[in-house]
Amino acid sequence: MSLLNSPDPAVRAAVVQQDLGNVLHPIVQHKALETKQMVVTRSEGSTIVDADGTEYLDGMAGLWCVNIGYGRSELAEVAADQMRQLSYFPHTAMNAPAAALAEKINELMGGGYHTYFVNSGSEANEAGFKIARQYQKHERPGEFRFKTISRYYAYHGTTLATLDAGGMGERKAKFEPYSGDFAHVPPPYCYRCPFGLSYPSCGLACVRAMETAILGEGPETVAEVIVEPVMSGVGVAVPPDEYLPEVESLCRKYGILLHVDEVINGFGRTGKMFAHQHYGVSPDIIAVAKGISSAYQPIAATVVKNSVFDSFYGEPLENRQVMQVNTYGGHPVAAAVALRNTRFCRRKSSPVARPRSAPTSSMPCKASRATRMSAISAARVC
């Protein structure tokens, strides 16, 4: 069954029936799919094509992940070559593509980092939570630091822990109750300030609220703070210039790790390779995904500062190693593709002023070719 050439209504109908009878889709209501469907068959650049031959501008870059556009045949060739050489082996052993990708990530971060590979942004943040907790057990054995300070309206993933860390009630409601290990504070959402104040006369009330939460929870119970540099769950919410540096100062003051979620922001989307680089901060834990491979392969990573890595270093009998494993983490094919992808991302990113605003979109839209050619791929989280 192929839909690569001219539209064939019979073939399209067969795919729809096959799908409706066997697939459980995310987010969308299946009853609605019985009367209206999109069967995507091809893609090139920023354009996708459905089974009817209709072209659409993908203004969301997939799910905010196809940073370099569709149809990069070079990446398909890299994947095929790596599959022929080494298709898979667990990352308890070393492989060349993953080692080279980790070195490239370290370079792009400015040096001083080690990388733990996973498969998705949710897993990258989840691993970050675990690493923060284990680190605190190693470094502060007399304290019980297990909590994460996060923010309302944030989105950090779809596992139970990352949903708990997030602050989007409609995303969380159907899966409650949660563990309660995540304390939420108001975000730096200046467009609709939760305090009813205006910047800069607000005095960064959102940062002061974070410190109040840390003190209220007890600093000796807090392992980390997690933030997106530019929040995407509420549209595109760019914080004041001082916000991230002030949050970092709080973390250093109370011995808390700074965990930055670059899953959407990262790999050139804001004009620098990573959004936190606009603000001059040095995170302890960084979650990356999506743009790391531009969705040509499923891969993500939890990147940790060397000072965090050092806490996991020791003799085998000390039992200090990272106490988890991901079956496909460090997958050689995904790593090879991601490594090649970074060449494109690096060409596209440049040291510009920090983002002041960004366009939003909700779904791919029909557009003329002229419109498609001039459109900007950017997005809000639905």
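**Group meeting: a walk through the predicted chain**

So, buried residues make up 50% of the 382 residues in this chain, where buried means under 20% relative accessible area, exposed means over 50%, and partly exposed is in between (1.4 Å probe, protein chains only). Residues are numbered from 1 along each chain as its sequence is written, and side-chain values use heavy atoms, with hydrogens and water left out.

On confidence, pLDDT is the predictor's own score for each residue, from 0 to 100. The chain averages 90, and 89% of its residues reach 70 or more. The stretch to treat separately is 357–382, with pLDDT below 50; beyond near neighbours in sequence, that stretch has 58 contacts in the model, a contact being heavy atoms within 4.5 Å.

Now the fold. We have 13 helices and 11 strands; these are DSSP runs numbered from the N terminus, helices being H or I with at least four residues and strands E with at least two. Of the contacts between residues at least 6 apart in sequence, 73% join residues at least 24 apart.

What order do the strands of the 7-stranded open sheet take? They run β4-β10-β9-β8-β7-β5-β6, with mixed pairing; two strands pair if DSSP finds at least two bridges between them. At the edges sit β4 (113–118) and β6, each pairing on one side only. From one strand to the next, the twist averages 20°.

On to charges. Side chains of opposite charge can pair when their charged atoms come close. The structure holds 13 salt bridges, each a side-chain nitrogen of Lys or Arg within 4 Å of a carboxyl oxygen of Asp or Glu.

Helix α6 comes back here. Which residue does arginine 133 bridge to? Aspartate 181, with the closest N and O atoms 2.9 Å apart. This pair links distant parts of the chain, 48 residues apart: arginine 133 is in α6 (residues 121–139), and aspartate 181 is in the loop between α8 (169–172) and β6 (182–185). Arginine 133 is partly exposed at 29%, while aspartate 181 is buried at 17%.

Aspartate 81 and arginine 84 also meet in a salt bridge, at 3.0 Å, N to O. They're 3 residues apart in helix α4 (residues 73–85), so about one helical turn separates them. Aspartate 81 is partly exposed at 49%, and arginine 84 is exposed at 65%.

Last one: glutamate 248 and arginine 252, 3.4 Å between the closest N and O atoms. Both lie in helix α10 (residues 243–254), 4 residues apart. Glutamate 248 is buried at 14%, and arginine 252 is partly exposed at 38%. Shared partners join Glu248, Arg252, Asp284 and Lys305 into one salt-bridge network.

Note on methods:
Predicted model: local features only at pLDDT ≥ 70, side-chain atom pairs only at ≥ 80, totals over all residues. Axes fitted to C-alpha atoms, helices over the stretch in contact; angles between N-to-C directions.
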